[in-house]
Amino acid sequence: MSEAAAPYYRHHIFFCLNQRDGGQACCAAHGAEQAFAHCKARVKALGLAGPGGVRVNRAGCLDRCAGGPVAVVYPQGVWYTYVDLADIDEIVTSHLRDGVVVERLRLPPDVGR
Ligand code: FES
């Protein structure tokens, strides 16, 4: 692979942390901030963080709110929805560490806003 084609991060995961007022559906109302912090801590603890490894980032609304909370992993473009921190642990060890997509947590393709 040429240098230009090599991704800076092997896996880059973005968590929607969007908060909406007035009781509208949003990822922040479903534990997204806690999941983000947990993912970041686990990636660091496993020594996966950094160039050539994994980067965990905050994101605003990703416009797939109906499936929230959501996160997306690039460069594969794999979308996840999760319920608890055990789901985050599985995404970290299976996908971000071992490169195996967690099929049971994939967001259905037709889920939008
Ligand atoms: S509020 Fe999270 S995808 Fe829109």
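Visitor: Before anything else, what counts as a helix or a strand here?
Guide: Helices are DSSP runs of H or I with at least four residues, and strands are runs of E with at least two. Both are numbered from the N terminus. Keep in mind that this is a predicted model.

Visitor: Fine. How many helices and strands are in the protein chain?
Guide: Two helices and four strands.

Visitor: What pattern do they follow along the sequence?
Guide: The protein chain reads β-α-β-β-β-α. Its radius of gyration is 14 Å, close to the 13 Å from the globule rule for 113 residues, so the chain is as compact as a globular protein of that length.

Visitor: And what box do the C-alpha atoms fill?
Guide: Roughly 50 × 25 × 25 Å, along the principal axes.

Visitor: On to the sheet. What is the strand order?
Guide: The order is 2-1-3-4. The sheet is open, has four strands and shows mixed pairing.

Visitor: Which strands stand at the edges?
Guide: Strand 2, residues 54-59, and strand 4, residues 78-81. Each has a single partner strand, so one side of each lacks a neighbour in the sheet.

Visitor: How are neighbouring strands turned against each other?
Guide: By 20° on average, with direction ignored.

Visitor: Zoom in on strands 1 and 2. Parallel or antiparallel?
Guide: Parallel. Six bridges join strand 1, residues 11-16, to strand 2. I13 faces V56 of strand 2 across that pair.

Visitor: Where does helix 2 lie?
Guide: Helix 2, residues 85-97, lies across strand 1, strand 2, strand 3 (70-74) and strand 4. Helix 2 runs at about 145° to strand 1.

Visitor: Now the core. Which residues touch the most other members?
Guide: F15, C16 and C39, in the largest nonpolar core, which has 23 residues. Strand 1, helix 1 (32-45), strand 2, strand 3 and helix 2 each give two or more residues to this core.

Visitor: Which element gives the most?
Guide: Helix 1, with five residues.

Visitor: Back to C16. What does C16 touch?
Guide: Leaving out residues up to four places away in sequence, the partners of C16 are C27, A32, A59, C61, L62, G68, P69, V70 and A71.

Visitor: What share of the protein chain is buried?
Guide: Buried residues make up 27% of the 113.

Conventions. Residues numbered from 1 in each chain as written. Predicted model: local features only at pLDDT ≥ 70, side-chain atom pairs only at ≥ 80, totals over all residues. Pairing = 2+ DSSP bridges. Axes fitted to C-alpha atoms, helices over the stretch in contact; angles between N-to-C directions. Contact = placed C-beta atoms within 7 Å. Rg over C-alpha atoms; globule rule 2.2 N^0.38 Å. Buried ≥ 20, exposed ≤ 12 C-beta atoms within 10 Å, placed from the backbone. Core = buried A, V, L, I, M, F, W, Y, C linked by C-beta atoms within 7 Å.
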